[in-house]
Amino acid sequence: MKNVLGLRCIDCGKQVPAVAGTYTCPTCGKTGGIMDVEYDYKVINQMTSREQLAQSKDYSIFRYMPFLPIGPDSARPHLRVGWSPLYKPQGLGKSLGMSNLYVKDDGQNPTASLKDRASIIAVIKAVEEKAPTVAASSTGNAASSLAGSAAAMGIKSVIFVPSRAPQGKVAQLLIFGATVISVQGSYEDTFRLSAEAIERFGWYNRNAAINPYLVEGKKTVALEIAEQLNWEVPDWVILSVGDGCTIAGVWKGFKDLYNAGWIDRLPKIAGVQSTGCCPLVDAFVENRPWRPKEENTIADSIAVGVPRNPDKALNAVRESGGTMVAVSDEEILAAMRELGRTSGIFGEPAGVTGTAGLKVLVEKGVIGADEKVVSIVTGNGLKDVQNAIKAVGEPIRVEPSLKELLVKLEGKV
């Protein structure tokens with residue numbers, strides 16, 4: 001990987017080679033030591049350019065190979081991950097009072113979430129390291145994405161999920177042939193057990209807060225946004241936050257483009273959590289270290305009371321000059337309805353939390369009505385049908401009678 005300089009610890013700054021088996025800082029150890037992948041931007045620019053990229057027919061994350069930490073000849077799954085659509089939904093913009101709003105629908109990835117971007121990198125790295133089994137803990141989306149990518153790559157997966165994981169996501173895991181461990185406890189309990197098992201059995205670790213390569217997959221959503229906007233950087237990018245890995249990846253993507261000279265400025269990043277589980281929002285707003293919180297929200301994919309990548313997440317928001325906000329579950333359900341009704345995009349609760357936060361920030365005047373904003377929908381609504389029904393209610397039930405139909409439709413159409 002001549003484009004990769006090595007790994008750098010975000011805590012102590014120590015730099016180490018990007019070699020198999022190295023994921024966390026050898027100096028900081030178990031007390032910290034999350035790493036960042038560092039690139040040689042001169043080499044990247046020798047390998048590709050914006051003009052060359054425009055000619056590429058590879059509409060997946062691999063169109064950005066020079067920005068990725070994988071070998072050029074490494075085996076890849078056949079799944080098409082990335083290049084999700086970037087829409088400009090006029091109806092949603094009008095509803096929110098915005099003139100320049102875009103929505104990036106990452107629910108159109110193979111397993112219906114942004115997490116596919118990270119998981120496809122995980123299985124490639126696992127095969128590079130000749131690991132027959134990959135494992136992870138997840139509230140749902142990382143789990144299903146890993147199971148799908150592992151199945152496509154022909155390797156085994158072991159997935160740990162908390163008992164509250166929605167059945168739609170558990171069904172995906174089982175369909176993809178994963179060994180599924182339903183932990184009767186919180187996400188923190190689930191993460192801890194997965195870490196112990198991974199160490200005991202020597203499985204490849206897909207947990208994004210441990211493995212530095214996973215953020216590199218997630219950052220491709222930022223590369224796509226920039227290219228799809230013809231390299232005109234938005235004023236704001238807004239999305240939901242759980243562990244903190246995804247928002248860190250978005251910021252990393254834009255910074256890589258800026259450091260390579262492909263864009264001339266950086267966007268502000270806005271992170272949104274549920275009021276039922278918002279340790280990072282509280283830390284940001286109160287300007288203090290984060291503290292654990294209960295996991296009490298319908299947005300299961302971001303219900304992380306003990307975030308594993310808090311520093312990268314908070315650094316992303318602060319460095320960008322952005323902000324964070326928490327929204328209630330009721331506001332999240334309302335965002336599901338509004339996004340669907342005005343744009344035809346079906347997002348799960350965690351997937352639309354960014355949109356719910358955008359509404360709040362526009363109403364408060366933090367985000368201007370004429371600013372260019374990209375809201376990332378991180379997961380598809382079919383993953384959590386139960387809460388979708390909660391958002392919109394039940395259908396109109398009638399007997400097969402036109403007379404009864406006319407009565408029940410009165411005032412509704």
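Modeller: Domain bounds come from an automatic or database domain assignment. For this protein, that assignment gives domain 1 (86-112 + 212-392) and domain 2 (132-202).

Biologist: What kind of model is this, and how are its residues numbered?

Modeller: This is a predicted model, in which local features need pLDDT of at least 70 and side-chain atom pairs count only at pLDDT 80 or more, while totals for chains, interfaces and linings use all residues. Residues are numbered from 1 along each chain as its sequence is written, and side-chain values use heavy atoms, with hydrogens and water left out.

Biologist: How do you know that domain 1 and domain 2 are in contact?

Modeller: Contact means heavy atoms within 4.5 Å. By that rule, twelve residues of domain 1 are in contact with 15 residues of domain 2. The centres of the two domains, taken over C-alpha atoms, are 24 Å apart.

Biologist: Where does the largest cavity lie relative to domain 1 and domain 2, and why?

Modeller: Both domains give residues to its lining, so the largest cavity lies between them.

Biologist: Which residue classes make up the lining of the largest cavity?

Modeller: There are 13 nonpolar, twelve polar and five charged residues. Ala, Val, Leu, Ile, Met, Phe, Trp, Tyr, Cys and Pro count as nonpolar, Asp, Glu, Lys and Arg as charged, and the others, Gly among them, as polar.

Biologist: What can be said of the second largest pocket?

Modeller: Its volume is about 330 Å³. Of its 17 lining residues, Arg 8, Asp 36, Lys 252, Lys 255 and Glu 319 lie nearest the centre. The lining has seven nonpolar, two polar and eight charged residues. The largest share, six residues, comes from α10. Helices (H or I, at least four residues) and strands (E, at least two) are DSSP runs, numbered from the N terminus.

Biologist: Why are β8 and β9 called edge strands?

Modeller: Two strands pair if DSSP finds at least two bridges between them. Four strands form an open sheet in the order β8-β7-β6-β9, with parallel pairing. β8 (179-183) and β9 (204-205) each have a single partner strand, so one side of each is left without a neighbour in the sheet.

Biologist: Which strands form the antiparallel sheet?

Modeller: Three strands form an open sheet in the order β2-β1-β3. Its edge strands, β2 (15-16) and β3, each pair on one side only. Two bridges join β1 (residues 4-9) to β2, and Leu 7 has Val 16 of β2 as its bridge partner.

Key: On a 1 Å grid over the protein atoms alone, a cavity is a set of points where a 1.4 Å probe fits but cannot get out, and a pocket is an open set with protein on both sides within 12 Å along at least five of seven lines; lining residues have an atom within 4 Å of a point. Grid points are joined across faces, edges and corners, and a volume is the space filled by probe spheres set on the points.
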